[in-house]
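Subject: Handover of a structure and findings

Dear colleague,

Please find the structure below, handed over for your use.

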Amino acid sequence: MIRHIVFFSARHKADVEAVRTGLLALGKIPHSRHFEVTLNTKVDPLSDEIDVVVYAEFEDEAALAAYKAHPLYAETTSRVKPLRELRYSADIVASRRAAVP
């Protein structure tokens with residue numbers, strides 16, 4: 001399983017909701033097993049520059065590649081990119097069950 005996590009900050013704080021709403025469109029792409037877009041709670045003062053987080057799970061790298069190749073992905077990117085300042089992405093290969101210490 002691939003966990004796809006992307007962090008965004010809005011160029012202008014007035015655009016945070018527009019960034020979140022724009023990214024929600026990615027949930028219509030059928031290749032993810034789980035998809036969510038949420039606002040950063042900003043509880044940690046060291047991460048207050050991040051405004052919006054996308055979290056998705058994919059069966060494998062092929063499903064993630066299909067998601068990124070979907071026309072709605074490019075359309076959403078072109079709509080959100082002018083509104084954002086930062087974008088950090090991480091793709092993590094994970095087991096289906098989290099290990100318990």
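A salt bridge is taken here to be a side-chain nitrogen of Lys or Arg within 4 Å of a carboxyl oxygen of Asp or Glu. By this rule, seven salt bridges are counted. Please note that the model is a predicted one, and the findings below should be read accordingly.

Salt bridges

One of the bridges joins E85 to R11, with 3.3 Å between the closest N and O atoms. Because E85 belongs to strand β4 (residues 84-93) and R11 to the loop between β1 and α1, this pair ties together parts that lie 74 residues apart in sequence. E85 is partly exposed, at 45% relative accessibility, and R11 is likewise partly exposed, at 42%.

A further bridge is formed by D51 and K13, whose closest N and O atoms are 3.2 Å apart. This pair also links distant parts of the chain: D51 sits in the loop between β2 and β3, K13 sits in the loop between β1 and α1, and 38 residues separate the two. K13, at 54% relative accessibility, is over the 50% limit and so counts as exposed.

R33 and E59 form another of the salt bridges, with the closest N and O atoms 3.5 Å apart. R33 is located in the loop between α1 and β2 and E59 in the loop between β3 and α2, so the pair connects parts that are 26 residues apart in sequence. Both residues are partly exposed: R33 has a relative accessibility of 48%, and E59 has a relative accessible area of 36%.

In soluble globular proteins, nonpolar side chains tend to be buried together. The largest nonpolar core of this model has 21 residues, and among these L23 and Y67 touch the most other members. At least two residues of this core come from each of β1 (2-10), α1 (16-24), β2 (34-39), β3 (52-58), α2 (61-69) and α3 (71-80). With residues up to four places away in sequence left out, L23 touches F8, F35, V37, V52, V54, T76 and V80.

Packing of α1 and α3

L23 also takes part in the contact between two helices, where V19, G22 and L23 of α1 meet T76, R79 and V80 of α3. By class, three of the residues in this contact are nonpolar, two are polar and one is charged.

Strand β4 and V93

V93 is found in strand β4. With a relative accessible area of 65%, V93 is exposed. Apart from its neighbours within four places in sequence, V93 is in contact with M1 and I2. The C-alpha atoms of V93 and E57 are separated by 9.9 Å, while these two residues are 36 residues apart along the chain.

Yours sincerely

Methods: Residues are numbered from 1 along each chain as its sequence is written. This is a predicted model: local features need pLDDT of at least 70, side-chain atom pairs count only at pLDDT 80 or more; totals for chains, interfaces and linings use all residues. Side-chain values use heavy atoms; hydrogens and water are left out. A nonpolar core is a set of buried Ala, Val, Leu, Ile, Met, Phe, Trp, Tyr and Cys residues joined through side-chain atoms within 4.5 Å. Buried means under 20% relative accessible area, exposed over 50%, partly exposed in between (1.4 Å probe, protein chains only). Helices (H or I, at least four residues) and strands (E, at least two) are DSSP runs, numbered from the N terminus. Contact means heavy atoms within 4.5 Å. Ala, Val, Leu, Ile, Met, Phe, Trp, Tyr, Cys and Pro count as nonpolar, Asp, Glu, Lys and Arg as charged, and the others, Gly among them, as polar.
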